[in-house]
Amino acid sequence: MLAITDYPAFVVAILLFLAIPGPGNLAIVSSTAQGRVRGGLAATLGIIAGDQILMWCAVAGVAALLKTYPAAFAAVQWLGAAYLAWLGVRMLLAKPGQGAVLRLKPHHFLRQSFLITLLNPKAIVFYMAFFPLFIDPARQPGLATFAAMALTIAALTFLYGLVATLMAHRLAERVRGSARLSGAINKLAGVFLIGFGVRLALSR
């Protein structure tokens with residue numbers, strides 16, 4: 001028997017967290033704008049892969065280790081912030097006709113979103129605090145319980161990514177013909193990425 005107390009509430013909570021604006025959502029939208037539906041889905045798979053690693057690290061107690069050694073946590077945090085800022089600066093400095101910052105190959109989109117997701121050590125701490133909210137304290141949660149939760153998050157992330165990709169694709173088709181509008185959106189995305197990087201670097 002699984003030790004999940006309120007599965008419907010768990011699903012709703014995950015969907016709400018997915019809808020919160022962040023680097024992951026921006027990665028899906030940017031990848032779709034430049035790689036179409038295939039690029040958006042590749043970015044979604046990258047996010048799922050990164051999330052799965054962070055979730056199982058949390059289950060294994062890596063979050064407690066990072067809290068015990070603040071320097072290690074800070075190092076990963078600054079690395080993630082620098083990566084986001086680097087991507088943002090590249091998008092800001094990109095010239096019209098220069099080509100996309102993210103190459104039009106699905107495995108590049110996947111790798112990009114995977115790194116964006118993985119280089120966020122706070123996600124490990126989040127999962128460490130989030131899982132116990134939906135686990136029955138009267139029952140010992142085994143591997144099957146965490147596996148069911150991980151698979152649920154992966155499935156919901158894929159469905160959310162698919163919807164976000166299709167919506168972003170429709171919007172991208174309308175603006176792709178305008179080089180000026182496309183460039184403005186690209187620079188706006190760069191500003192947001194730098195902002196996410198700064199927020200990650202300054203957060204404690």
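Me: Among contacts in the protein chain between residues at least 6 apart in sequence, what share joins residues at least 24 apart?

Reply: The share is 86%, where a contact means heavy atoms within 4.5 Å. The model is predicted, so local features need pLDDT of at least 70 and side-chain atom pairs pLDDT 80 or more, while totals for chains, interfaces and linings use all residues. Residues are numbered from 1 along each chain as its sequence is written, and side-chain values use heavy atoms, leaving out hydrogens and water.

Me: What elements make up the protein chain?

Reply: There are eight helices and zero strands. Read from the N terminus, the order is α-α-α-α-α-α-α-α.

Me: Why does T165 count as buried?

Reply: The relative accessibility of T165 is 0%. Buried means under 20%, exposed over 50% and partly exposed in between (1.4 Å probe, protein chains only), so T165 is buried. T165 belongs to helix 7, residues 143-175. Leaving out residues up to four places away in sequence, T165 touches I28, T32, V37, G40, L41 and T44. Of the 204 residues of the chain, 42% count as buried.

Me: Which residues touch the most other members of the largest nonpolar core?

Reply: They are F10, I14, Y127, F130, F131, M149 and I153, out of 23 residues in this core. A nonpolar core is a set of buried Ala, Val, Leu, Ile, Met, Phe, Trp, Tyr and Cys residues joined through side-chain atoms within 4.5 Å. At least two residues each come from helix 1 (7-19), helix 2 (23-59), helix 6 (122-130) and helix 7. Helix 7 gives the most, six residues. Another core lies apart from this one and has nine residues, including A27, L84, L87 and M91.

Me: What makes helix 2 oblique to helix 6?

Reply: The axes of helix 2 and helix 6 come within 8 Å and cross at roughly 55°. Axes are lines fitted to C-alpha atoms, for helices over the stretch in contact, with angles from 0 to 180 degrees between N-to-C directions. Under 35 degrees is roughly parallel, over 145 roughly antiparallel, 65 to 115 roughly perpendicular and the rest oblique, so helix 2 is oblique to helix 6.

Me: Which residues make that contact?

Reply: Helix 2 brings D51, L54, M55, C57 and A58, and helix 6 brings A123, I124, Y127 and M128. Beyond its neighbours within four places in sequence, Y127 is in contact with D51, L54, M55, A58, P132 and I153.

Conventions. Helix = DSSP H or I, 4+ residues; strand = E, 2+ residues; numbered from the N terminus.
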